[in-house]
Amino acid sequence: NTRRLLHLLSDPPLKRTQQPKARQAGAVRNIQHAVAAAAAAAAAAAVAAAIAMRHALRWWKRPRLALLNPVVPTSAYSLSVAKMLRELCDAIDCRVAIHEVDVASSPFDSALIEHFDGFIIPGSVASAYDKATYPWTSHLEATIRRLHARGRPMLGICYGHQIISQALGGRVEHNSAGLQAARCEFDVTALGASLGLGDGTAALQYHHNDCVTRLPPCAANLGCSASCPAHASALFASPTTSRMAVSRGVPADPPIGITLQGHPEFSTPTGAAILLDILHGEEGGAERYGDSARDADGRTAAQAHKITRAVMGLLWPKAFAE
């Protein structure tokens, strides 16, 4: 009887207390695992949010550039130039946000000038001096003069090089040497070399029938050749600062604009296809210029990247900032 009493008083309670303790320990372990998993998930989410914020800040800090494109609906170049420029900037890790504005359909709103960090005027099938065929030319010239007066950075390419020069007092004429297409070389001036365009000679892909025969007083020549007297120019605030830059070979301050007769954007996948398309549409163009335009060895593309990196770095240095 005594043994039975001891059994009733001791064994069952021990078993009853051991079982809840085991369950309790298991529950605690489960809670610990859940807390650890939640903490890991929260840490991963925080890292992802930080990365997203960093990318967002980098995008927000990108210079906002207005592409003042006189869109011609029948021109493949005109319809694709924004894509070409984005490909070119991606190739040199130049972080800019390009916003296309059709300046052929309506004049650029001057109230928007301060909304952008700079402006690009690309190539076009238009001739800068043919205002009868292209009546929007006068509006674009007025915009260029306002941008220059406010010291807003500008990049002109081919037609952009020509219309900027003409708007600021230079002269554009039909090139007496005829069509200049595919790879063309030019001699870099001392000032051009100091601004990063290269030493001695440089080359880009081309396609133009007109050329700048006289630069405006505020511009300095950065390159020339026998067939084209002004392959590139640097724009300054005044004729005096332009002359000083030329005489010293180095500008006292960075230029507020750069213009190029050549097409660095033709050294992109889309640009190369567009250039070959244009050449195929001209009698004997593909046979005469095809190999040069294809740039199989990549020499012209390498120079296009070098020149573009130098130009974008001068005008929008934040485009290369981390």
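Predicted model: local features only at pLDDT ≥ 70, side-chain atom pairs only at ≥ 80, totals over all residues.
Residues are numbered from 1 along each chain as its sequence is written, and side-chain values use heavy atoms, with hydrogens and water left out.

I recorded a volume of about 410 Å³ for the largest pocket. Of the 20 residues that line this pocket, Ser124, Val125, Ala126, His207 and His208 are the closest to its centre. A pocket is an open set of points on a 1 Å grid over the protein atoms alone, where a 1.4 Å probe fits, with protein on both sides within 12 Å along at least five of seven lines; lining residues have an atom within 4 Å of a point. The volume is the space filled by probe spheres set on the points, which are joined across faces, edges and corners.

I then turned to the second largest pocket, which holds about 170 Å³ of space. Of its 12 lining residues, the closest to the centre are Arg62, Arg86, Asp90, Cys94 and Val96. This lining divides into six nonpolar residues, one polar and five charged.

**Entry on Gln261.** I found Gln261 in the loop between strand E11 (257–260) and helix H7 (269–280); helices (H or I, at least four residues) and strands (E, at least two) are DSSP runs, numbered from the N terminus. Gln261 is buried, with a relative accessible area of 0%; buried means under 20%, exposed over 50%, and partly exposed in between, with a 1.4 Å probe and protein chains only.

**Entry on the rings.** I counted six aromatic pairs in the structure. Rings of Phe, Tyr and Trp (its six-membered ring) pair if their centres lie within 6.5 Å, and planes under 30 degrees apart count as stacked, over 60 as edge-to-face and the rest as tilted. The Tyr77 and Phe266 rings have centres 5.9 Å apart and planes at 75°, so this pair is edge-to-face. Because Tyr77 lies in helix H2 and Phe266 in the loop between E11 and H7, the pair ties together parts that are 189 residues apart in sequence. Both Tyr77 and Phe266 are buried. I also noted that ring pairs link Phe108, Phe116 and Phe119 into a cluster.

Definitions and conventions: Nonpolar A, V, L, I, M, F, W, Y, C, P; charged D, E, K, R; others polar.
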